[in-house]
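I'm opening my notebook on this structure and jotting down what I look up as I go. Each entry covers one topic.

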Amino acid sequence: GLGIFIAGTALVVFWPTFPVFLLALALTMLGKYVFDPSMQAYLGDRVPYQARGRVIAVTEFGWSFSFIIGIPAMGFLIASQGWMGPYPLLLILGILSILSLIWLLPGDGKPSGQRRLLLKNLGAVLTYPPALAGLALALLTSAGNEIINLVFGIWLEDAFGLQIAALGAASAVIGFSELTGEGVSAMVTDRLGKPRAIGIGIVANSCAALMLPLLGTTLAGAVVALFFFYLTFEFTLVSAIPMMTEIMPTARATVMAANISSLSIGRGLGAGLAAQLYVHGLLVNGLMVISLNMLALVALYQLRKRMSQDE
């Protein structure tokens, strides 16, 4: 995954043209989608389930800090050096990251036992009811989040006349809310139990979705509601990852890759609905989030039920 990311950034550094830039975007995103499930599966193999929630949450801090620190840094580089500005730094950071992994992590060696083919693994995941319920949970919660995520900037501009700089400040608030959600998940998910923590997160996220139009009569209220909406979603998402790592240990990496695919499909579905719903007001978006979250609770219930039967 890091190798693909490095290849993408190197292409832009050495051939800074628009077609290469598009290819680089695809490669860097592909690298992330290879890296994330591999990392989560690696931790799932080595960290006991009882402590996995805290460990996974700590790795998710990287996402929030990249939002809080990385995006302003990239903006500064683009402003001072043009659109190419961030790519040499990203290339250096990618190389340092892969060297750090080589230095810090012990070698795996060859997998023991018979190696399962990709299609066989994927088929096993997609025919296993608990895995399907977990993937539905990811898709539904992700779609709900995107229904707000895609329109909150337009909403703030329409309601309060915020310009780009102010919207950037609001985005920083979201970054801190995600960091807080990850911190809370690190502290309580293992103690509560993963399914219970997810259920609490989904209910709290539904309440936050309803708070958006109710508190959104003032700018301060709108920012507070957004803070809690993103906090509760991030808490739910981060609490779900360790649970997903244990659904099918024999195909752990495949499950985690399918989970990321489900999150992406959910974002796509949410993006398709968001603008159409917003025409009727933010309250309609909030009610749709609540509806999707209720379906996610059904999926969570089915997952727990099926896993209990398998045990």
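Predicted model: local features only at pLDDT ≥ 70, side-chain atom pairs only at ≥ 80, totals over all residues.

Entry 1

**Entry 2: Phe229.** I picked Phe229 from that list and asked what it is in contact with, leaving aside its neighbours within four places in sequence. I found Gly144, Asn145, Ile148, Asn205, Ala208, Ala209, Leu212 and Val289.

**Entry 3: α7 against α10.** How do these two helices pack? I got an angle of about 170° between α7 (residues 152-160) and α10 (residues 219-245), and their axes are 11 Å apart. Angles over 145 degrees count as roughly antiparallel, so α7 and α10 are roughly antiparallel to each other. On the α7 side, I noted Phe152, Trp155, Leu156 and Phe160; they meet Leu219, Ala222, Leu226 and Tyr230 in α10. Sorting this contact by class gave me 8 nonpolar residues, no polar ones and no charged ones.

**Entry 4: α9.** I checked the length of α9 (residues 194-215) next. Its 22 residues reach 30 Å from the first C-alpha to the last, which is close to the 32 Å expected at 1.5 Å a residue. I also looked up its buried residues; among them are Lys194, Ala197, Ile198, Asn205 and Leu212.

**Entry 5: Ser239.** Is Ser239 buried or exposed? Its relative accessible area is 0%, so I wrote down "buried". Ser239 has its place in helix α10. Setting aside neighbours within four places in sequence, I found Ser239 in contact with Ser185, Thr189, Lys194, Ala197 and Ile198. Lys194, Ala197 and Ile198 are also on my list of buried residues in α9. I looked up Val184 too: it is 55 residues from Ser239 in sequence, but their C-alpha atoms are 9.7 Å apart in space.

**Entry 6: Lys32.** My last stop was Lys32, in helix α2 (residues 18-46). With a relative accessible area of 30%, Lys32 is partly exposed. Skipping neighbours within four places in sequence, I found that Lys32 is in contact with Pro37 and Trp63. Leu2 is 30 residues away from Lys32 along the chain, and 7.4 Å separates their C-alpha atoms.

Technical notes
Residues numbered from 1 in each chain as written. Heavy atoms only, no water. Axes fitted to C-alpha atoms, helices over the stretch in contact; angles between N-to-C directions. Helix = DSSP H or I, 4+ residues; strand = E, 2+ residues; numbered from the N terminus. Parallel < 35°, antiparallel > 145°, perpendicular 65-115°, else oblique. Contact = heavy atoms within 4.5 Å. Nonpolar A, V, L, I, M, F, W, Y, C, P; charged D, E, K, R; others polar. Expected span 1.5 Å × (residues − 1). Buried < 20%, exposed > 50% of the residue type's maximum accessible area, 1.4 Å probe, protein only.
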